[in-house]
Amino acid sequence: MSATHSLFSPLQLGSMEIPNRIVMAPLTRNRAGEHNAPRQLNVEYYTQRASAGLIITEASQVSAQGVGYPATPGIHHSIQVNGWRTVTDAVHDKGGHIFLQLWHVGRVSHPSMQPDGELPVAPSAIKPAGECITYEGPQAFVEPRALETDEIPGIVDQYRVAAKNAKVAGFDGVEIHAANGYLLDQFLRDGTNHRQDNYGGSLENQIRLLTEVIDAVLEEWEPGRVGVRISPENTFNDIKDSKPQITFNFITEKLNSFGLAYLHVLEGDMMGGDSVVDYAQIRSRFNGNYMANCGYTQEKAQTSIQEGRSDLVAFGSLYIANPDLVERFEEHSDLNTPNPETFYGGDAQGYTDYPFRESA
Ligand code: 8OZ
């Protein structure tokens, strides 16, 4: 039997050891600067949180086509790469570890945010219910354009180039965002993928784009520095699957051959729907590190790791409000309360002004 671990046990990710299993979850904050490039305010925010075992950055677009929200950062232009370099240098100076999350929103965009005002792209021409947040305010989602089969290699290459840029920007690794109703998730789940080519119509085909993207990213990174995030039953962005347990058990088994750093699983529905997925089935099918996420407290996370139900736990809103979350957990200090009104957009308020604990 393997030794029991705690939130504070180090963990090996490929050739890198991280000092604890407390992960800063990827968090969209809509505070990137001009040209969707990280700026000094973002440097300060990430540096404040450098004691996390691992920081996963906010989702960052692999291409101009991948954009779906105002003031979110990209990794496809040299200005963005240079901006990220200032973040990674500062985090590393503080002894931190940081992965970049690679993102293409697919259908969850709007012509006003697409190059030449084009339609957003998707596996199938199925319009999401709801509204898109644009620079002009909320606007109804549009029916996206289904990608032609011969366009898929170009999408895969967007991820490869972005992964290469992430290396130039000084990251320790990358996380492929295949969750939360964005492009890769739109291919994975049958509610959004009605294709009849090699990229839809069967589980084998639905996972093909993700595995091609992983292969492309592995041309640039060793597998131990690449994570994948999935969200089997999140309904955010109007996405669903008819049989999430079967779909995601299958996907998990398919991911085993890559030797990835971790599988990051958003357990449940951010929108508050009932949970029908048994995550132990996913955990037991994966042969690498399992990162759990979704409303974990310190106690719940500690128990999960101790009982072997996860290897790492990612904290979202707790990390928004507590830059020194690791030290607060260590000392069992009180936690600051996150303010949802300042989650998305704005300035330093609700971003870099949450207080460190008094003993710091
Ligand atoms: C909240 C608001 C906007 C984007 C995700 C990138 O869910 C996001 C996101 C979350 O992964």
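So, how many residues does the hairpin use to join β7 to β8? The answer is 2 residues. Strands and helices here are DSSP runs, numbered from the N terminus: at least two residues of E for a strand, at least four of H or I for a helix.

Quick housekeeping. This is a predicted model, where local features need pLDDT of at least 70 and side-chain atom pairs count only at pLDDT 80 or more, while totals for chains, interfaces and linings use all residues. Residues are numbered from 1 along each chain as its sequence is written, and side-chain values use heavy atoms, with hydrogens and water left out.

β7 covers residues 131-134 and β8 covers 137-140, and they pair antiparallel over 4 bridges; to count as paired, two strands need at least two DSSP bridges between them.

Now the ligand. Around it we have Thr 28, Ala 59, Tyr 69, Trp 103, His 177, Asn 180, Tyr 182, Phe 236 and Tyr 344, where being near takes a heavy atom within 4 Å. That shell splits into 6 nonpolar, 3 polar and no charged residues; Ala, Val, Leu, Ile, Met, Phe, Trp, Tyr, Cys and Pro count as nonpolar, Asp, Glu, Lys and Arg as charged, and the others, Gly among them, as polar.

Look at two of those side chains. A polar atom of the His 177 side chain is 2.7 Å from a ligand oxygen, and one from Asn 180 is 2.8 Å from a ligand oxygen. On its own the ligand has 300 Å² of accessible area, and the protein covers 88% of that (Shrake-Rupley, 1.4 Å probe).

Last stop, a loop. Where do you find His 35? In the loop between β3 (22-24) and α1 (40-48). His 35 has a positive phi of about 60°, although it isn't a glycine. Asn 36 is found in the loop between β3 and α1 too, and its phi is near 55°, again positive in a residue other than glycine.

Conventions: Polar contact = N/O pair within 3.5 Å; in protein donor to acceptor, adjacent residues only side chain to side chain.
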